[in-house]
Amino acid sequence: MTATDDKTIVKEYFNTTGFDRWRRIYGISNDVNKVQLDIRNGHQQTVDTVIGWLQADGNLSEISICDAGCGVGSLSIPLAQAGARVYASDLSEMMVAEAKEKARSELGDLVNNLTLTVQDLETLSDRYHTVICLDVLIHYPQEQVEQMISHLCSLAQTRLILSFAPKTFALSLLKKVGSFFPGASKATRAYLHPASEVIKILEKNGFSVQRQAMTKTRFYFSRLIEATRK
Ligand code: SAM
């Protein structure tokens, strides 16, 4: 599959069946099955860890944050609420529309702290203090991930925070991801990435790892890495 094919499929998925599925998982409604609830809880742990790291630094209101592949704003909205200036974007028009709707109802007077746009992360070009990209790389193969991480590094003045499904859990994850993406026509492939490869790419781009975390529930696996410019 070419890089364009992967992206076209991912975009189509997150504007249709993927949008419905993930909006439900990332939402608060009870209209989720056990697997989706487990993923919701796992994903929330990843989001909470990132917010905890950023709040511990004590400078949220002074920094600009790029949330690349922001989905429905699960991270962007609380960061904007905490006073950060957040530039969030996503490949899917539907995800961004949902994020805008949520931001309007949840942010009140702070709504201007969050800018939301429909954009492929590889076409982003401004520079930000901190660039964050959560649970996006799972949709792309290794060659493309190298290019994507390098591009995200070029946007980050100080820090890049990434999460991805680690290769270590390959068998169990592949089996389980199969149940989130059933049927070839609705499917995006799930790609797993060895942490050592991701760290190598970060180092090649002049970054070194500062903090790491792992979220592991029954059906959700995500390794989180914070790297800063050397
Ligand atoms: N980061 C969000 C979060 O953790 O709540 C959403 C994660 S969701 C599993 C993956 C998101 O990545 C989808 O909203 C999808 O549209 C977006 N995405 C995939 N490829 C992208 C790309 N090349 N550029 C921007 N967004 C992308």
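I'll start with helix 3, residues 34–57: its 24 residues reach 35 Å from first C-alpha to last, close to the 34 Å expected at 1.5 Å a residue. That expected span is 1.5 Å times one less than the number of residues. Helices here are DSSP runs of H or I with at least four residues, strands are runs of E with at least two, and both are numbered from the N terminus.

This is a predicted model, where local features need pLDDT of at least 70, side-chain atom pairs count only at pLDDT 80 or more, and totals for chains, interfaces and linings use all residues. Residues are numbered from 1 along each chain as its sequence is written.

On confidence, pLDDT is the predictor's confidence in each residue, from 0 to 100. The protein averages 92, with 90% of its residues at 70 or more. Residues 181–186 fall below 50, and that stretch has five contacts in the model beyond near neighbours in sequence; a contact means C-beta atoms, placed from the backbone, within 7 Å. ipTM is 0.99 and pTM 0.93.

Back to helix 3. I39, H43, T46, V50 and L54 are buried, meaning 20 or more other C-beta atoms lie within 10 Å of the residue's own, with C-beta atoms placed from the backbone. The helix's buried residues pack against helix 2 (17–26), helix 4 (76–81) and strands including strand 5 (156–164) and strand 6 (207–216). Just after the helix, G58 has a positive phi of about 70°.

Last, the ligand. Of the 21 residues around the ligand, F14, G69, G71, L91 and L134 come nearest; the criterion is a C-beta atom, placed from the backbone, within 6 Å. Helix 1 gives the largest share of that shell, three residues.

Conventions. Two residues are in contact if their C-beta atoms, placed from the backbone, lie within 7 Å. A residue is buried if 20 or more other C-beta atoms lie within 10 Å of its own, exposed if 12 or fewer, and partly exposed in between; C-beta atoms are placed from the backbone.
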